[in-house]
Amino acid sequence: MAGGVDSIRRASLGTLGAVLVVIGVALLVLPGPGLLLVFAGVVLLARAIPALDRFVAPVRGQAMRAAEESVSSPWRLAGSALVGLLLVGAGVVWGLAPRVPYSGWATGASLIISGCVLFALLAWSHRRVQAARNRR
């Protein structure tokens, strides 16, 4: 019985990890936290398939560097915040305007959620960078 539960857990983790990787890769070119979703997906896949554990560290490094670069200067922080505001604004427009392609609250909500996730990641990155600077 324990083997069956473990197999179900590994299959679930693998499926969820693969879905996160695919969505993350799509969000690398679309607005959203693509690299962090790829990282989360690779972590889940590595838990399901231990042989993939060697890919976690390089993806983690890239994700952390990207997070730090987004708040490395006041101009980058302002630009990232502006993108977040544009995402939220676009989400409201897509939700309210019926003549916009693919209009509706499904599209609008996904844009608004992407903007909110961006703000949360910016705050987390900023706190992380400030803590690293204070330790030095």
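Begin by selecting Gly-14, which is buried in this predicted model. Its relative accessible area is 15%, and a residue counts as buried because that value falls under 20%. Gly-14 belongs to helix 1, which covers residues 2-29. Display the surroundings of Gly-14 next: apart from its neighbours within four places in sequence, Gly-14 is in contact with Leu-45 and Ala-48. Gly-14 and Ile-49 are separated by 35 residues in sequence, yet their C-alpha atoms lie 7.4 Å apart in space.

The next stop is the nonpolar core. Which residues make up the largest nonpolar core? Select Val-21, Val-38, Phe-39, Val-42, Leu-45, Ala-46, Val-56, Val-59 and Ala-63, the 9 residues that form it. Two elements, helix 2 (34-48) and helix 3 (56-69), each give two or more residues to this core. Helix 2 gives the most, with 5 residues. In soluble globular proteins, nonpolar side chains tend to be buried together. Within the core, centre the view on Val-42. With residues up to four places away in sequence left out, Val-42 touches Val-21, Phe-55, Val-56 and Val-59.

Colour Val-56, Val-59, Ala-63, Met-64 and Ala-67, which are buried in helix 3. Why do the buried residues line one face of helix 3? Turn the view to look down the axis of helix 3: the buried residues fall within an arc of 130 degrees, so they line one face of the helix. An α-helix has 3.6 residues a turn, so residues three or four places apart point the same way. The cover over the buried residues of helix 3 includes helix 2 and helix 5 (105-135).

At what angle do helix 3 and helix 5 pack? The angle is about 90 degrees, and the axes of helix 3 and helix 5 are 8 Å apart. Helix 3 is therefore roughly perpendicular to helix 5. To show the contact, select Met-64, Ala-67 and Glu-68 on the helix 3 side, together with Trp-124, Ser-125, Arg-128 and Val-129 on the helix 5 side.

Is Ser-125 buried or exposed? Ser-125 is buried, with a relative accessible area of 3%. Neighbours within four places in sequence aside, Ser-125 is in contact with Ala-67, Ser-70 and Val-71.

The last selection is helix 4, residues 74-96. Helix 4 has 23 residues and spans 33 Å between its first and last C-alpha, close to the 33 Å expected at 1.5 Å a residue. Highlight its buried residues: Ser-80, Gly-84, Leu-87, Ala-90, Gly-91 and Gly-95. Helix 5 is included in what covers these buried residues of helix 4.

Finish on Ser-80, which lies in helix 4. Ser-80 is buried, with a relative accessible area of 15%. Which residues does Ser-80 touch, not counting residues up to four places away in sequence? Select Ser-70, Leu-118 and Leu-122 to display the residues that Ser-80 touches.

Technical notes. Residues are numbered from 1 along each chain as its sequence is written. This is a predicted model: local features need pLDDT of at least 70, side-chain atom pairs count only at pLDDT 80 or more; totals for chains, interfaces and linings use all residues. Side-chain values use heavy atoms; hydrogens and water are left out. A nonpolar core is a set of buried Ala, Val, Leu, Ile, Met, Phe, Trp, Tyr and Cys residues joined through side-chain atoms within 4.5 Å. Buried means under 20% relative accessible area, exposed over 50%, partly exposed in between (1.4 Å probe, protein chains only). Helices (H or I, at least four residues) and strands (E, at least two) are DSSP runs, numbered from the N terminus. Contact means heavy atoms within 4.5 Å. The arc is that of the directions from the helix axis to the C-beta atoms. Axes are lines fitted to C-alpha atoms, for helices over the stretch in contact, and angles run from 0 to 180 degrees between N-to-C directions. Angles under 35 degrees count as roughly parallel, over 145 as roughly antiparallel, 65 to 115 as roughly perpendicular and the rest as oblique. The expected span of a helix is 1.5 Å times one less than its number of residues.
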